Amino acid sequence: MVARFPDIDPAYEGREGVAELVALLCSGGDARIALDPETGLNRYLAAPYPRRTLALASSTANDISAAAFDHLLAVKSAGQASYAEHLDALRQRIIAAYSLDRDTGIIFAPSGTDCEFIALAAVQGRAKSGVHNILLGADEVGSGCVHSARGCHFADSTALGHATEAGEPVAGMDAVTLCDVPVRCAHGEARSSSEIAQVIRAEIVHAREQEQHALLHVVHGSKTGLILPRLREIDALMAEFGDHLSLVVDACQARITSQAVRDYLARGAIVLLTGSKFMGGPPFSGFALVPARLIEQAAPLPRGFAGLFRRAEWDARWPGRDGLEQSANPGLALRLDASIFELERFEALGHEAARRVILAFQRAIRALLLHRNGFRRIEPYRNGNAEEAADHPIEMLTLATLDVSAHPQAATFEDARVLHLSLEAKGLRLGQPVKCVPREDGNWAGTLRAGLSMPQICVLAELSDHALERAMFEQVGRFADALAVTA
């Protein structure tokens, strides 16, 4: 155990059932989920077991918490239900956690990238010439999404083990064209919601002229915390274009309140979420919340979905679901179970208790990484836009994107990637760099991201005010010390 997982929490070394559970948790996905035999980590430097590493990396991927791991050990010990029964039980728990309408459809996927296929399935057959997919900020939502948003495979194999080639179209899908709308200007500042909406409107008009159905990706929590466009612009676009427009909300970071989820669903939007970012579950898992009327109107699933999904993962009402194989993916069910366990804990915590922890996190970020280390925060709204700043939800304050290009080892994006790896070697993990700060030489400046997760907030919320402040400054301080530039 120690040789394969050198950073495992000592409390789990050699413990009965641990090795079997870890093996399940890194099964049933694509190549991204595989663990390196030497480090015991996946390609995102995360692991499906509790670790000693200190992480503020929920913007990329989490190590599973001890509480969630113990929960899964208990699930396994009690005897895991059948795949269909397990997923149906998770559906009911998600509906309860977010207080959703009972008829809300829930479709499960091995990752957030796979969730893109669910949105495309919902708009099949809507227009003569296929779908025009309007994506916002491809650099800030995930590299694989550029393929899946086109209706194409994004890896060399699927979660069912079928060999594929990135960029190869999924069989039976309508033709898809893709437009990527930049969410930041040439200087790296966030574009306003109204400015983004103008570009979106032009794309919808173009799609209608080409006899295509427009599918708009609303971003609720990009890699840097952007929310675009806002509800007022969404409502105006819906009023103008009606049935020519469908909405899918990329909330895959899961930095979203239950009320915001319900607001989107009430507008007929599909909401995409993953369990492995802010929710705090192990990598990888995802699910889509789908209004019942969209399922009632849906065309049969494309035949290529037989290589992507299993039958139990789709709502029983969806046409063509019976064409999917009736096999099981127990690893995915357990990863989802851990994520929903964390969601339930967080929802039970209450808004004010979470807010107290989030504000302490922000104080530590300002004092140590901004003021002391001299890094610059990349704001998730346009600088000087007081209205959007005041309206930005507090759940986005669980994430801080930092321009660290002033650090001699992080001037560029590639430099920051190396620095990110060097921190991991010291037992410290932040969110991966993201391309959001352009340099005058045409390259991207170095960035790093610090982010809390739901389980971290739940643990910190148990502390007194004094103990919370001390713990938060100690944790962030370790990163600040490691990133300090010595004279």
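Strand S11, which covers residues 399–403, is mostly covered, with 5 of its 5 residues buried. This picture, like everything below, comes from a predicted model. The side chains of S11 can be sorted by direction: Leu399, Thr401 and Asp403 point one way, Ala400 and Leu402 point the other way, and all are buried.

The neighbours of S11 come next. Three strands, in the order S10-S11-S13, form an open sheet with antiparallel pairing. S10 and S13 are the edge strands, as each pairs on one side only. Strand S10, made of residues 376–377, is joined to S11 in the antiparallel sense over 2 bridges. Here arginine 376 has aspartate 403 of S11 as its bridge partner, while arginine 377 stands opposite leucine 402 in S11. With S13, strand S11 also pairs in the antiparallel sense, over 5 bridges. A handy place to look for this pairing is leucine 399, whose bridge partner in S13 is glycine 451.

Which residues of H13 are buried? They are Phe413, Ala416, Leu419, His420, Leu423 and Glu424. Seen down the helix axis, the buried residues of H13 fall within an arc of 145 degrees, so they line one face of the helix. Val418 and Ala425, on the other side of H13, are exposed. After the helix comes glycine 427, which has a positive phi, near 80 degrees.

Two packed helices are described by the angle between their axes and the distance between the axes. For helix H1 (residues 18–25) and helix H2 (residues 66–78), the axes come within 11 Å and cross at roughly 100 degrees. H1 is therefore roughly perpendicular to H2. On the H1 side, the contact is made by Val18, Leu21, Val22, Leu24 and Leu25; on the H2 side, Phe69, Leu72, Leu73 and Lys76 take part.

Alanine 138 lies in the loop between strand S3 (131–136) and helix H5 (145–148). Is alanine 138 buried or exposed? Its relative accessibility is 11%, and because buried means under 20%, alanine 138 counts as buried. Leaving aside residues up to four places away in sequence, alanine 138 touches Val146 and Asp180. The C-alpha atom of alanine 138 is also separated by 8.8 Å from that of valine 183, although the two residues are 45 residues apart along the chain.

Histidine 153 sits in the loop between H5 and strand S4 (176–181). With a relative accessibility of 10%, histidine 153 counts as buried too. Which residues does histidine 153 touch, not counting those up to four places away in sequence? Its contacts include Phe117, His147 and Leu308. Also among them are Thr158, Thr164, Glu165, Ala166, Gly167, Glu168, Pro169 and Val170.

Terms used
Residues are numbered from 1 along each chain as its sequence is written. This is a predicted model: local features need pLDDT of at least 70, side-chain atom pairs count only at pLDDT 80 or more; totals for chains, interfaces and linings use all residues. Side-chain values use heavy atoms; hydrogens and water are left out. Buried means under 20% relative accessible area, exposed over 50%, partly exposed in between (1.4 Å probe, protein chains only). Helices (H or I, at least four residues) and strands (E, at least two) are DSSP runs, numbered from the N terminus. The arc is that of the directions from the helix axis to the C-beta atoms. Two strands pair if DSSP finds at least two bridges between them. Axes are lines fitted to C-alpha atoms, for helices over the stretch in contact, and angles run from 0 to 180 degrees between N-to-C directions. Angles under 35 degrees count as roughly parallel, over 145 as roughly antiparallel, 65 to 115 as roughly perpendicular and the rest as oblique. Contact means heavy atoms within 4.5 Å.
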